[in-house]
Amino acid sequence: MKFNLAKTKRKLDRLFSGYVLARDKRICQWCGKTDGKMDCAHIIPRNILSLRWTPENAVTLCFRCHQIEWHTNPLAAVRWLESRYGSELVNKLLADSTSEFSFNQESAKEIEKRLNQLLDIVSLS
């Protein structure tokens with residue numbers, strides 16, 4: 001079977017979002033809201049494949065916080081992120097964002113396996 005890059009990314013994105021939302025118990029990490037549309041918000045943008053499916057690179061945000069707080073005021077978002085999770089995380093993500101990453105069928109299978117394991121763990125808690 002031929003490897004379909006776009007289809008595989010969508011599948012992994014769904015798994016990843018499901019994991020992040022479950023890990024954060026569908027609570028907006030910015031404002032604490034628990035109802036309504038919740039988003040899996042990437043810290044380093046998704047186009048950086050080396051971090052696209054890295055759990056530390058995403059938080060659950062309600063639609064409002066994701067669109068208004070996160071995307072319209074990136075400096076405030078970075079300050080919030082550092083106060084909430086520490087500057088070490090921000091520095092690590094920035095450093096990791098420049099690392100080499102080859103997305104292929106083999107790496108996709110490893111990512112899927114890891115995400116399924118994480119989903120299993122979070123569903124037990």
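I will start with the salt bridges, then take the helix contact, and finish with a loop and one threonine.

Please keep in mind that this is a predicted model. In total, the structure holds seven salt bridges. I will go through some of them.

Take K11 and E112. Their side chains form a salt bridge, with N to O at 2.9 Å. Where do K11 and E112 sit in the chain? K11 belongs to helix α1, residues 5–23, and E112 belongs to helix α5, residues 105–124. The two are 101 residues apart, and the pair links distant parts of the chain. As for accessibility, K11 has a relative value of 39%, so it counts as partly exposed. E112 has 22%, so it also counts as partly exposed.

T8 is found in helix α1. The C-alpha atoms of T8 and E112 are separated by 9.5 Å, while along the chain these residues are 104 apart. Is T8 buried or exposed? Its relative accessibility is 17%, and because the cut-off for buried is under 20%, T8 counts as buried. Leaving aside residues up to four places away in sequence, T8 touches F3, F103 and A108.

Back to the salt bridges, and to the next pair, R52 and D13. The closest N and O atoms of this salt bridge are 2.6 Å apart. Here too the pair links distant parts of the chain: D13 is in helix α1, and R52 is in the loop between β1 (38–42) and β2 (58–62). Are R52 and D13 buried or exposed? Both are buried. This pair also belongs to a network of salt bridges, in which D13, R46 and R52 are linked.

One more pair is R64 and E69, whose side chains meet in a salt bridge at 3.2 Å, N to O. R64 has a relative accessible area of 47%, so it is partly exposed. E69, at 22%, is partly exposed as well.

Helix α2 covers residues 63–72 and helix α3 covers residues 74–85. Their axes come within 5 Å and cross at roughly 100°. Angles of 65 to 115 degrees count as roughly perpendicular, so that is the word for α2 against α3. Which residues make the contact? From α2 they are E69, W70, H71 and T72, and from α3 they are P74, A77, W80 and L81. By type, the residues of this contact are five nonpolar, two polar and one charged.

Last, the backbone. Most residues other than glycine have a negative phi. What is the phi of K25? It is positive, about 55°, although K25 is not a glycine. R26 also has a positive phi, near 55°, and is likewise a residue other than glycine. K25 lies in the loop between α1 and β1, and R26 is found in the loop between α1 and β1 too. K25 has a relative accessibility of 58%; the cut-off for exposed is over 50%, so K25 counts as exposed. R26 has a relative accessible area of 40%, so it is partly exposed.

That is what I had for today.

Key
Residues numbered from 1 in each chain as written. Predicted model: local features only at pLDDT ≥ 70, side-chain atom pairs only at ≥ 80, totals over all residues. Heavy atoms only, no water. Axes fitted to C-alpha atoms, helices over the stretch in contact; angles between N-to-C directions. Helix = DSSP H or I, 4+ residues; strand = E, 2+ residues; numbered from the N terminus. Parallel < 35°, antiparallel > 145°, perpendicular 65-115°, else oblique. Contact = heavy atoms within 4.5 Å. Nonpolar A, V, L, I, M, F, W, Y, C, P; charged D, E, K, R; others polar. Salt bridge = Lys/Arg side-chain N within 4 Å of Asp/Glu carboxyl O. Buried < 20%, exposed > 50% of the residue type's maximum accessible area, 1.4 Å probe, protein only.
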